[in-house]
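Here are my notes on the complex. Please read them with the model open beside you.

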Amino acid sequence: MMKEFFRYTSDPYRAISEWKDASKKKVVGVFPMWLPEEIIHASGMLPVVMWRSNEAITWGYAHVPSYNCPMNKSVVDDAVKGKLKFMDGMVFLRECLQSQEVPYIIENNACPPFEEYLYLPPIYHGDKASKGFTRDEFEKLRAGLEKFTGEKITDEKLRESIRIYNRNRSLLRRLYEIRREKPGILKGRDILRIVWASMLMPKEEHSKLLEKLISELEKKDYVQAKGKKVFLSGCLCIHPQLELMDMIEALGMLVVDDDIYVGYRYFANDAQLTDDPIGAMVERYFIKTPVDPAKGEVELHWGDELVEKVKKVGAEGIITLLTKYCPPHLCYYPDIKVKLADAGIPEVLIEVEHEIISLEGIRTRLQSFKEMIGGV
Amino acid sequence: MSVEYKLNRLDTSGVGPLVDKHWRELREAKEKGMKVAWSSGPLFVYSYATPNMASHFMAGYAAYCGGRKMADEVLEAAEKYGELRDTCSYHRLHTGMMAMIANDWPVTDPRVILPLPDLLISGRFCTEMSHYMEAIYRRFGVKAVIIELPVARKTEDLPRIEKYVTDQVKETLIPAIEKTSGSKFNEDNLRRIFRDWKETCIIRNKCWEFLKRKPALWTLWDYGVSIAPIFYAMGKPESHAYYVNLLEQLEERAAKNIPAVHPDGEKYRLYWDGWLPWAFLGKFLRLMVPHGAIPISGRYPWEFFPYPEDINPEADDIIHEWIRVLYTSPNRLAYHDGPWGGKEHIEKLLEEYSIDGMLFFSSKTCRMWNLGQLDIIDKIERKYGIPGIVIEGDMIDSSMVSEDQLRTRIEALLEMIDARRR
C-alpha cells in the first residue's frame with residue numbers, strides 16, 4: 001500500500017494526470033496553505049495542493065527573482081514550462097506578501113481555464129468584519145466553481161466533503177500518534193510521503209490505504225528504535241527534501257513529531273459538521289493553533305507552543321526548517337529561539353530552499369546538533 | 001561623452017529642518033504627556049489626527065535614518081539581537097532600534113532613538129509590516145492593532161474590500177486609538193488635516209507639471225526628498241510653506257529656462273519603479289547624471305495622495321472617506337499597488353512624463369512589488385517599445401547594494417534606449 005503513496009509523491013505530475021485520464025474528472029491546483037479544499041471537492045473536481053517541483057528552477061527566473069519564496073519560484077517555473085497543464089483550475093490566495101502576486105504571472109503566461117484568488121485575511125481579532133469577509137471569499141469560490149462546472153454545490157455536498165476530509169485528517173493524526181508512541185516505526189521519508197500524498201490524491205483513496213496501514217502498524221511488533229528524539233518545526237508551504245529526512249535518521253536522530261506544513265499543520269484541525277458548512281470552514285480557518293506566523297496571531301506564542309509540544313513528546317531538541325525568503329517565519333524566528341533557549345531546549349536552524357542549499361553543510365550542522373543533544 | 005552633464009539641483013534644503021523637527025517632537029512627546037503611536041501604511045492618518053498622540057510613520061523613519069546615514073549601525077544592532085538578514089530592512093531597523101534601547105547599547109547618533117510606543121498600528125498593505133509589529137508586541141508587549149488592507153486584483157473587488165477595511169477601522173482601530181489616547185476620536189481634526197493636506201497637494205501637483213516638461217525642471221529625487229511634508233508631516237503650516245517655496249523655484253526656473261540637467265536638459269528620461277533607495281540617492285544619481293539621465297517619475301512616490309481633488313474633507317463619514325480614497329477613488333492606491341493595477345498605472349505615467357526607459361528597483365528585502373516586475377517590463381516593452389531593466393539592492397541596507405552591478409545595468413539600459421532611437 002505504500003506503493004501508491006510513493007507513486008504519487010515520486011512523480012505527482014504523472015500520477016495526477018493518470019488519475020485524471022482514468023476518472024475523466026477535472027483537477028484544481030490550490031496554493032498552500034489555507035484554502036478550503038472541501039469546496040473544490042464538493043464541486044466534483046480533485047483539489048491538489050501545489051508542490052515544490054522536482055527539477056531546478058530555470059525558465060521561472062524570467063519571471064521571479066532568485067531571492068523570492070521557493071514555492072512561488074517552483075509554481076511559476078512549473079507553469080511556464082507547461083508542466084501544470086493537467087490542472088483545469090488554480091486557486092491562489094493572499095497569504096503573504098509574495099504569494100499574492102503569483103497569479104499575475106500565471107495569468108500572463110499559463111492561465112488555466114479556471115482561476116480564482118481569495119483575499120484571506122489574518123485572524124488577529126477574529127472580529128465580525130474579518131469572519132464575514134472570509135465567508136464572502138469562501139462563497140465567492142463556491143460560486144466560481146459552480147459557474148465553471150455548471151453544477152450546484154449544495155450544503156449537503158459540502159457536508160459530505162467535510163466528512164471525507166475530517167476522516168482523512170483524523171487518520172493522519174492517528175498515524176502521528178503511532179509515531180509518537182513508537183518512534184522509528186516508519187522512516188521519516190515515508191511519513192512525509194504519506195502526508196504529501198494526501199495532498200495529491202483523492203482523499204477517499206488515501207483514507208482507505210491509510211486505514212489499512214494504520215491497522216498493520218497497530219498490530220506490528222515494535223522494537224524500540226535507537227536514536228535521539230527530535231521535533232521538526234517550520235517548513236511553511238513546501239515539503240522538505242526526502243534526503244534531509246534520511247540524513248536526520250542516518251545521524252542517529254528520530255523525528256517524533258512536527259508542526260511542518262506537509263505534516264501536522266496540514267491536518268491538525270477539523271471543520272465541524274453543522275447545518276452551515278461554509279460557516280464551519282470559516283471557523284476552522286480562524287482556529288489559532290498550531291500557531292501560524294503567516295496568519296497573524298499575536299495572543300499565542302509559537303515558541304511557547306513548541307516548548308509545550310517538545311516536553312509532551314519527550315523530544316530532546318528541535319530542528320527548525322526555515323523556508324528561505326519566508327518573511328512570516330523569518331520575522332518570528334528570533335523570538336522562538338529566545339523561548340527555546342529560556343526553556344533549555346536545544347535547537348538548530350536549517351534553511352530549506354527549492355533545491356538543497358548544501359547537503360554537506362547541513363550534515364555538519366546536524367551532526368553538531370546531535371552531539372549537542374547528547375549523541376555521539 | 002561629449003557633453004558634460006551636471007545636475008542643477010533644486011533647493012530642497014527646507015525639508016531637513018522640517019523632518020528634524022518632526023522627529024524631535026516625537027522624541028519629546030512623552031515628556032509632554034503625550035501617547036506615542038507607531039504606524040505603518042496609510043492608516044497613519046487616524047493616529048496622526050489624534051491631538052494628544054504623537055505619530056511615528058515607520059517607513060518615514062527608515063527613509064530618515066537612511067538619508068542621514070544612520071541606518072547601518074541600527075541594522076547591525078538588529079543582527080546582533082538575532083534578526084535574520086533576509087527580512088525587510090525597515091523591520092530590522094525598528095527591532096534594531098528597540099534592541100538598542102532594551103540593552104542600553106551605545107549609539108553614535110542619538111537621533112535614531114525614538115520613544116517606545118504605546119500603540120502599534122499596521123495598515124496591512126504589506127503583510128511583512130504586520131510581522132514586525134507582531135515581533136515588537138512579542139518582545140515589548142506593546143498593543144498592536146493590525147488592519148488588513150488587501151491589495152486588489154480586480155477593480156470589481158474594490159467596493160467589497162473598501163467596506164471590509166472600513167468595518168475593521170471602525171470596529172477595531174478607532175476604539176484602540178480612543179482607549180490608548182484616553183480621548184474620543186477627533187473627527188474635526190481629521191477634517192482639518194484633510195483640508196490643509198489637500199491644499200498642499202494641489203500645489204505639489206502643480207510642481208509635478210514641471211516634471212512633464214521637456215526638458216524637466218526638477219527630478220524624481222528632488223520630489224523623493226520632498227515627500228515628508230505631504231506625508232508624515234501632512235497638514236502642517238511648514239509643509240504648506242515648503243511646497244509654496246518649491247513651486248516658486250520651479251516657476252522661476254521656467255521663466256529663466258533653467259533645466260534640471262545642465263547644460264541643455266536631460267538626454268534620457270527614466271521611470272523608476274519600487275521604493276526609493278533612501279540611503280543611496282546620491283550614489284544612484286552619480287551613475288545616471290553624467291550620461292544625461294535622470295529619474296522623472298515613479299509608481300511609489302506617486303502614491304502619496306496624487307489626486308488631492310478626490311478627497312472630500314466635508315464628507316459625512318470622514319473616517320470612511322480616507323478608505324474610499326484608497327479603494328474606490330480614481331487614485332485607487334490599493335489597486336495600483338498590485339501588479340494588475342500597477343501595470344496600468346505605469347503605462348499612464350510613461351505617457352504623461354514622456355519616458356524613454358524604465359528602471360525597476362527590486363529590493364532584496366522588500367518583496368512587495370518585485371514578483372510582477374519582470375512580467376510588467378516584458379508587457380510594456382512589447383506594447384510601447386520602451387526598454388526596462390531590473391536593478392537589485394535595498395532601500396537602506398548598504399550590504400545589499402553593489403555599485404558595479406548598478407553601473408553595468410544602468411549603462412545597458414541607456415544603450416538600449418540609444419539602439420531604439422537609431
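1. The interface between chains. The contact draws 42 residues from chain A and 45 residues from chain B. H14(A) gives the most, with 8 residues. By class, this side of chain A has 25 nonpolar, 10 polar and 7 charged residues.

2. Confidence. Keep in mind that this is a predicted model. The predictor gives the complex an ipTM of 0.94 and a pTM of 0.96. For chain B the mean pLDDT is 94, and 100% of its residues reach 70 or more. Among the elements of chain B, strand S7 (residues 268-273) has the highest mean pLDDT, at 98. Helix H13 (residues 333-336) of chain B has the lowest, at 87.

3. Domains of chain B. The domain assignment gives two entries for chain B. Domain 1 is made of 6-13 + 190-207 + 217-421, and domain 2 spans 15-186. Taken over C-alpha atoms, the centres of domain 1 and domain 2 of chain B are separated by 23 Å.

4. Where the domains of chain B meet. Here 39 residues of domain 1 of chain B are in contact with 43 residues of domain 2 of chain B. On the domain 1 side, helix H8 (187-212), helix H10 (237-256), H12, H13 and helix H14 (339-352) of chain B each supply at least two residues. Which helix gives the most to this side of domain 1 of chain B? H12(B) does, with 7 residues. The residues of this side divide into 23 nonpolar, 10 polar and 6 charged.

5. The H7(B) and H12(B) pair. Helix H7 (residues 158-181) and helix H12 (residues 318-327) of chain B pack at an angle of about 145 degrees. Their axes are 9 Å apart. H7(B) passes H12(B) in a right-handed crossing. From H7(B), the residues that meet H12(B) include Leu158(B), Ile161(B), Val165(B), Val169(B) and Ile174(B). Glu162(B), Thr166(B) and Lys170(B) of H7(B) also take part. On the H12(B) side, the partners are Ile319(B), His320(B), Ile323(B), Arg324(B) and Tyr327(B). By class, this contact has 8 nonpolar, 2 polar and 3 charged residues.

6. Burial in H12(B). Which residues of H12(B) are buried? They are Glu321(B), Trp322(B), Ile323(B), Val325(B), Leu326(B) and Tyr327(B). Their cover includes helix H2 (44-48), H7 and H13 of chain B.

7. Leu145(A). This residue sits in helix H6 of chain A. Is Leu145(A) buried or exposed? Leu145(A) is buried, because 22 other C-beta atoms lie within 10 Å, and the cut-off for burial is 20 or more. Not counting residues up to four places away in sequence, Leu145(A) touches Ile39(A), Ile40(A), Ser43(A) and Ile153(A). Ser161(A) is 16 residues from Leu145(A) along the chain, and their C-alpha atoms are separated by 15 Å.

8. Asp155(A). Asp155(A) belongs to helix H7 (residues 155-181) of chain A. Asp155(A) is partly exposed, because 13 other C-beta atoms lie within 10 Å. Asp275(A) is 120 residues from Asp155(A) along the chain, yet their C-alpha atoms are separated by 7.8 Å.

Methods. Residues are numbered from 1 along each chain as its sequence is written. Chains are lettered from A and ligands numbered from 1 in the order in which they are written. This is a predicted model: local features need pLDDT of at least 70, side-chain atom pairs count only at pLDDT 80 or more; totals for chains, interfaces and linings use all residues. pLDDT is the predictor's confidence in each residue, from 0 to 100. Helices (H or I, at least four residues) and strands (E, at least two) are DSSP runs, numbered from the N terminus. Two residues are in contact if their C-beta atoms, placed from the backbone, lie within 7 Å. Ala, Val, Leu, Ile, Met, Phe, Trp, Tyr, Cys and Pro count as nonpolar, Asp, Glu, Lys and Arg as charged, and the others, Gly among them, as polar. Axes are lines fitted to C-alpha atoms, for helices over the stretch in contact, and angles run from 0 to 180 degrees between N-to-C directions. A crossing is left-handed if the near helix is turned anticlockwise from the far one by less than a right angle, and right-handed if clockwise. Domain bounds come from an automatic or database domain assignment. A residue is buried if 20 or more other C-beta atoms lie within 10 Å of its own, exposed if 12 or fewer, and partly exposed in between; C-beta atoms are placed from the backbone.
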